[in-house]
Amino acid sequence: MITTYEYIKNWQKALKAEIMHLKKDGSTKYRLFNGRLLSNNHAFTYFFDSVSHIKIPVGSSVRIEWGSKKSEGRILSSEGKSVIIEIEENLGVSLSEVLLVYDPWELLDELFQRLEEMKGSKRKRSRIKVLLDPSIKAKHPEDKIKSNVHELILRSKYNPVTYVWGPPGTGKTYTLARVAANKYMKGLRVLVLSHSNQAVDVLMSEVSLFLEKKGYKNRGELLRYGSQLGEAIKNRPFMTATQLIEKHHTGLAEDKLSLTEERRLLKLDLSSSFSKKDTERLLHIEKKLGSILDKIRQKELEFLKEAKVIGTTLAKAASDSAIYEKEFDLVIVDEASMAYIPQAAFAATLAKRTIICGDFKQLPPIASARHPLVNEWLREDIFHKSGVSKSVEEGKLHPHLFLLKEQRRMHPDISSFTNKYIYHSLVGDHKSVWQLKRDIAKRTPFENQASVLLDSSGAGEYCMIDRFSKSRMNLWHLLLSFQLIYEAYIGGTRSIGYVTPYRTQAILMEQLLEEIYGEDLKEAGIIAATVHRFQGSERDVMIFDTVDSDPQERAGMLLTGKESARLLNVAITRTKGKFIHVCDYSFVQNKVYNNKTWSMLAKHQRLNNKMVLPNEVGKWIKNQHPRLQWMHARKLEIVMGDILSAKSSIILSLPIGETLTKEWISALNRRGNGVSLTLVGTEQPPGLKSDKVIQETFPFPFIIIDRQYLWLGVPIEANRKALPPFVAARLQSKMITEYILSQINDGQ
């Protein structure tokens, strides 16, 4: 039998393998541009702009790649769409474009060190042993149980480890918060942990709200510890170090705010101009701000000593001695199914009692290295390795597994699939869900329908592989999904989610929404993200874009691989009242096995009359956004008008082997003087007067006019896979057109 000491050694080997992989093949990349050298004193400091928000902690190690060259660096400042990086070597005075590569391997190294310390602690090793082998008899008095909350209070009082299975919408946060509050009221110290900041925020906020209703006034006893705080926690009084600093150390708070604002304004100036004076001032502010932050850190440690309920992330707990050197009465690990097993074990060593809560039917931990120990310990969750989930597969509940079995989040038309196919009828609907979610289902799009499959079959071959990230994207699905978002917004919904398995598709939607809605996006209540980022969230309306379609030869592993059922479960169960599945149904029929969850979902929706066919596109599109217009692809008046009105450039893509009709050739040849015509993807048709031909292959035709108007679905003659009704879409988006052009190797 393997010993706890041997477990720890295996975990360290797994972490080392993952760290080595991340150092060698960083997976998170950001495109940076407009790079300027700010300073070359001792090191080379550069300022860059970015097309997307960069969320990298200050001080993190990064790598800069440009061409075949690579250089190591460190983040000095990262906020919004600009970043300041200290780089080891001189890259020149200016850089047009580079790749920023970041992977948080340093956090894994901290966890490695905590494991090393565990080897010398018999107490910590004994806690790990009980966590991995919860075979001792449950000691809580079952005859005294009064409610779900009371049962968990009793379990966590009498048993060293309690596993909580909390399927979506079953009151996991409600239950855990009341257990934490109960321990606090009894004078015990509680540590709340999760892999995500959002999960910690939500749980700590719920604890605060409950205690407030009970008459308790938080004067620092509840502390949300960390820097990346979300909306759920910012409005709760005196829960963060920032709020406590503002109350007790006003001068420090004002100095930080003033310097931060001055830095922001200077960065805006640097984005448009380059002044030596501004550069020197910015570097001075960074130094002064660092000193202020050091003082704030000392005050934060004082607050930490006084707190009774502390919430932070697993990564923060493993890297901050103010947490890992302390002893608690109870540790609660939320969303434990997404935590590495060594992280869960580390958490269990910090307290006398442990609650491990999560849903092993949702997403597992994410690891990148190809190594057997990584597969065993970093890609699997603690529920499986402890044997707790195995008992469920055998049709029974483990003695130390507490199931929350009544969901209150989803409309029953949505939960009918997950209740049956994911949770094997162990979870049911609370009677309240019909009434509570009916109002959402009434709204557009698809009035009075809660679960809909929008079939994109026959539109053409739009699924591509991004040439930088190698992630899949689908422009037709992107526009359909934007239209759905717009219909929901016009219909009065202010809680809308767009979710997809593929990072590139999620980023494109996020940037399109930012471009069109601007500063109103947050108020509109619209969020676009990958499925992994959405775990732990919920929205009134969810649009699930599966992206996969022709001409891809097979469905992606995210949708059909080993963990695909868990991914699909998360995508569905984020929804409260309306779930719209954007899917190429013919692709699923032809390329996906019947026993795969994606195929089962599509067929479940079809058999329950929840499928909207391609020929119904004219019925459900009721509100045309000024920047996205839909029309019949054979009505050419508008596209021809755009061609004749072009001011600088026309870029036309035709799939290999396709040509143009005389009508199209005539219109293109009549373009204005000085308007360049670039042909992408095929040889020049006879009679067409183009300025440039690029031998690049796109599976679908498109037209880009003046680098801001995109036409999809035309010319219809070149859209070989399109079936009636022939639909064209006209999008005004500089961001999307620039993205498409970035996919052309010629670098248009």
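**Domain 2 against domain 4**

I looked up the distance between domain 2 and domain 4 in this predicted model, and their C-alpha centres are 30 Å apart. I then listed the residues in contact and found that domain 2 gives 21 residues and domain 4 gives 21 residues.

I noted where these domains sit in the chain. Domain 2 is made of two stretches, 121-225 and 307-404, while domain 4 covers 407-620. The chain also holds domain 1 (28-102), domain 3 (243-300) and domain 5 (628-743).

Next I looked up the buried area. Domain 2 and domain 4 bury about 1,800 Å² between them, and carbon and sulfur atoms account for 56% of that area. On the side of domain 2, the residues that lose the most area to domain 4 are P168, K361 and L363. Together they make up 34% of what that side buries.

**Charges and polar contacts**

How many salt bridges cross the interface of domain 2 and domain 4? I found one by the rule. I also looked up R566 and D381, whose side chains form a salt bridge with an N to O distance of 2.7 Å.

For polar contacts between domain 2 and domain 4, I recorded eight residue pairs, with both residues at pLDDT 80 or more. I sorted the residues on the side of domain 2 that touches domain 4 into ten nonpolar, six polar and five charged.

**Aromatic pairs**

My count of aromatic pairs came to 20. I took the pair of Y7 and W377 as an example. Why is this pair edge-to-face? The ring centres of Y7 and W377 are 5.5 Å apart and the planes stand at 80°, which is over the 60 degrees needed, so the pair counts as edge-to-face. Y7 belongs to helix α1 (residues 4-24) and W377 to helix α14 (residues 372-377), so this pair ties together parts that are 370 residues apart in sequence.

**Backbone entries**

I kept one general point in mind here: most peptide bonds are trans, and most residues other than glycine have a negative phi.

I looked up the bond from V714 to P715 and found it cis, with omega near -5°. P715 lies in the loop between β29 (709-712) and β30 (727-732). P724 and P725 are also joined by a cis peptide bond, with omega about 0°. P725 is placed in the loop between β29 and β30.

My last entry is F446. It is not a glycine, yet its phi is positive, near 60°. F446 sits in the loop between α18 (433-442) and β16 (451-455).

Conventions:
Residues are numbered from 1 along each chain as its sequence is written. This is a predicted model: local features need pLDDT of at least 70, side-chain atom pairs count only at pLDDT 80 or more; totals for chains, interfaces and linings use all residues. Side-chain values use heavy atoms; hydrogens and water are left out. Domain bounds come from an automatic or database domain assignment. Contact means heavy atoms within 4.5 Å. Buried area is the accessible area (1.4 Å probe) that two parts lose on being put together, summed over both. A salt bridge is a side-chain nitrogen of Lys or Arg within 4 Å of a carboxyl oxygen of Asp or Glu. A polar contact is a pair of N or O atoms within 3.5 Å; within protein, one must be able to donate a hydrogen and the other to accept it, and residues adjacent in sequence count only if both atoms are side-chain atoms. Ala, Val, Leu, Ile, Met, Phe, Trp, Tyr, Cys and Pro count as nonpolar, Asp, Glu, Lys and Arg as charged, and the others, Gly among them, as polar. Rings of Phe, Tyr and Trp (its six-membered ring) pair if their centres lie within 6.5 Å; planes under 30 degrees apart count as stacked, over 60 as edge-to-face and the rest as tilted. Helices (H or I, at least four residues) and strands (E, at least two) are DSSP runs, numbered from the N terminus.
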